[in-house]
Amino acid sequence: MTTAIQIDNVSFAYDAPMILENINLSIEEKEFLGIVGPNGGGKSTLLKIMLGLLKPTQGQVQIFSKSPVKQRVHIGYVPQFAAFPRHFPISVQETVLMGRLGITRAWLGYNREDKLIAQHAMQTTHIADFAQRQIGRLSGGQLQRVLIARALACQPKILILDEPTANIDQRVEEDIFDLLKVLNQELTVIVVSHDIGFISAYVSRVACLNKTLLCHQTSSITPQKLEQLYHIPVRAIQHQHY
Amino acid sequence: MSTFLDALWQFSFLQHAMLAGLLASIGCGVIGTYVVVKRITFLAGGIAHAVLGGMGIAYYFQQPVLLGALIAALGTALFIGWVYLHNQQNEDTLIGAVWATGMAVGILFISQTPGYNVDLMSYLFGNILMVSRTDLYLMAGLDAVIVLTVILFYKQLLVTCFDEEFAQLRNVSVTFFYLLLLCMVALTVVLLIRVVGLILVIALLTLPAAIALQYAMSLSYIMLLASVLGIIFTSTGLGIAYEYNLPAGASIILVAAASYFVSTLVIQSLLKKMRALHESG
């Protein structure tokens with residue numbers, strides 16, 4: 001097994017209070033990792049460091065043995081969808097095609113190959129039927145699929161999702177995780193979630209983050225382990241929080 | 001109306017005015033679309049008004065006034081853009097300050113220029129009837145730069161407007177393309193000064209695109225529709241101004257504004273009702 005992401009002694013602070021402290025984490029290729037923790041526990045900050053959007057105050061991150069900035073064209077990133085204007089005049093297809101940026105030619109429009117790859121990504125995520133629809137007219141679950149398709153159009157080696165199911169209902173949530181499970185056969189998948197009970201049924205490992213990495217268990221999934229994953233981290237987080 | 005058409009056939013100054021309206025509408029439609037979807041109307045207003053500073057200084061030193069406008073517009077755009085990218089918190093206050101400073105500098109320099117200052121009014125409120133052949137060439141050149149840049153970098157400009165974080169992750173330089181966009185806003189402002197003057201620039205830059213946004217759902221269609229609307233507004237305004245002997249810039253803006261209000265308040269609400277009926281039936 002090759003190591004996809006290697007995080008060594010990473011600490012981060014904007015100003016005085018530490019947001020992340022001495023994080024050590026090694027993520028294997030084709031692993032399905034869940035990162036859980038309370039709000040303000042540093043989950044999004046850790047993601048941004050992995051993506052090279054923030055520089056750690058201490059320590060370093062390597063992605064396939066190189067810096068995140070050098071490797072980020074190989075990462076497909078799915079943001080929380082509250083992050084951009086939903087009434088923007090842009091279609092599903094145009095949004096998905098953005099995943100080709102950084103790979104396709106710099107001048108003029110997208111080429112035929114880009115369009116084929118985007119089409120394939122839309123078929124994988126079952127949104128090809130409304131490729132021409134404006135994104136403001138989609139349901140929460142459909143929009144989430146568009147963002148996953150955009151990340152897949154990057155043809156990534158690693159897929160990183162930030163709270164992919166924060167604003168959608170339970171049934172759609174299951175659909176999305178079933179899709180991620182399929183994608184995981186080819187890709188390393190990292191999911192940040194608030195809902196550990198739910199994701200533990202899907203992921204192969206859970207990392208609990210609240211400034212430090214509280215719990216970090218490797219497991220072949222057994223009912224006992226699931227039980228353990230479900231209970232211990234939740235209690236530990238609550239403990240830290242109050 | 002027929003007198004206007006006869007006159008248009010007869011007088012080259014009216015033909016120049018029509019052409020100027022057409023050329024201005026192209027730049028407006030394309031760049032106005034970005035201004036509207038990126039919601040930087042206030043920023044564009046700041047650039048437009050700060051331009052008076054450059055024009056005043058050029059006027060005082062007896063240099064070409066449009067050159068002063070061009071330098072001031074680009075300088076302001078880069079300055080505001082740089083601050084936006086490094087410190088987003090006080091952006092609106094800063095724009096307000098630049099806006100007022102530019103105008104104050106302009107008025108100071110113009111007041112100190114010896115002679116009769118009749119030109120100032122034409123830059124504040126535009127004088128489309130005074131457009132010369134050289135102005136038309138300059139406008140066509142600016143249009144060509146704008147349209148070519150947008151065709152070449154359409155996808156990068158789109159992602160910069162839509163999702164800056166994702167742009168950065170795909171190694172698209174948000175800094176470069178945001179500043180490029182603001183520089184094109186600056187060029188468009190200079191393009192429009194002759195037509196409607198810097199006070200009214202914002203209206204012609206944003207109203208056609210804002211109307212187009214209500215009907216078209218993709219950036220390129222909005223640009224096309226906004227350009228066509230701009231051409232209709234400028235030529236209608238010009239016709240009305242000629243028939244009733246009114247200032248052309250103000251007439252053009254009032255035609256555009258009236259269309260915007262009719263579209264927003266009447267047509268859009270009718271469409272909404274029809275859609276509701278369609279869905280319930």
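Two residues are in contact if their C-beta atoms, placed from the backbone, lie within 7 Å. In this predicted model, local features need a pLDDT of at least 70 and side-chain atom pairs count only at pLDDT 80 or more, while totals for chains, interfaces and linings use all residues. Residues are numbered from 1 along each chain as its sequence is written, and chains are lettered from A, with ligands numbered from 1, in the order in which they are written.

The contact between the chains takes 21 residues from chain A and 19 residues from chain B. On the side of chain B that touches chain A, the elements giving two or more residues are α8 (154–162), α9 (164–169) and α12 (219–244) of chain B. Helices (H or I, at least four residues) and strands (E, at least two) are DSSP runs, numbered from the N terminus. This side of chain B holds 12 nonpolar, three polar and four charged residues. Here Ala, Val, Leu, Ile, Met, Phe, Trp, Tyr, Cys and Pro count as nonpolar, Asp, Glu, Lys and Arg as charged, and the others, Gly among them, as polar.

The expected span of a helix is 1.5 Å times one less than its number of residues. Just after α12(B), B:N245 takes a positive phi of about 55°. Helix α13 (residues 248–280) of chain B has 33 residues and should span 48 Å; its end C-alpha atoms are 47 Å apart, which agrees. α13(B) bends by about 35° at B:S263 (the angle between axes fitted to the seven residues ending there and the seven starting there). Among the buried residues of α13(B) are B:A248, B:I252 and B:V255. A residue is buried if 20 or more other C-beta atoms lie within 10 Å of its own, exposed if 12 or fewer, and partly exposed in between, with C-beta atoms placed from the backbone.

Chain A has eight helices and nine strands. Of its 242 residues, 42% are buried. A:E21 lies in strand β2 (residues 20–28) of chain A. A:E21 is partly exposed because 17 other C-beta atoms lie within 10 Å. Beyond four places in sequence, A:E21 is in contact with A:S11, A:K211 and A:T212.

The mean pLDDT of chain A is 78 (the predictor's confidence in each residue, from 0 to 100). Among the elements of chain A, helix α8 (residues 223–241) has the lowest mean pLDDT, 43.
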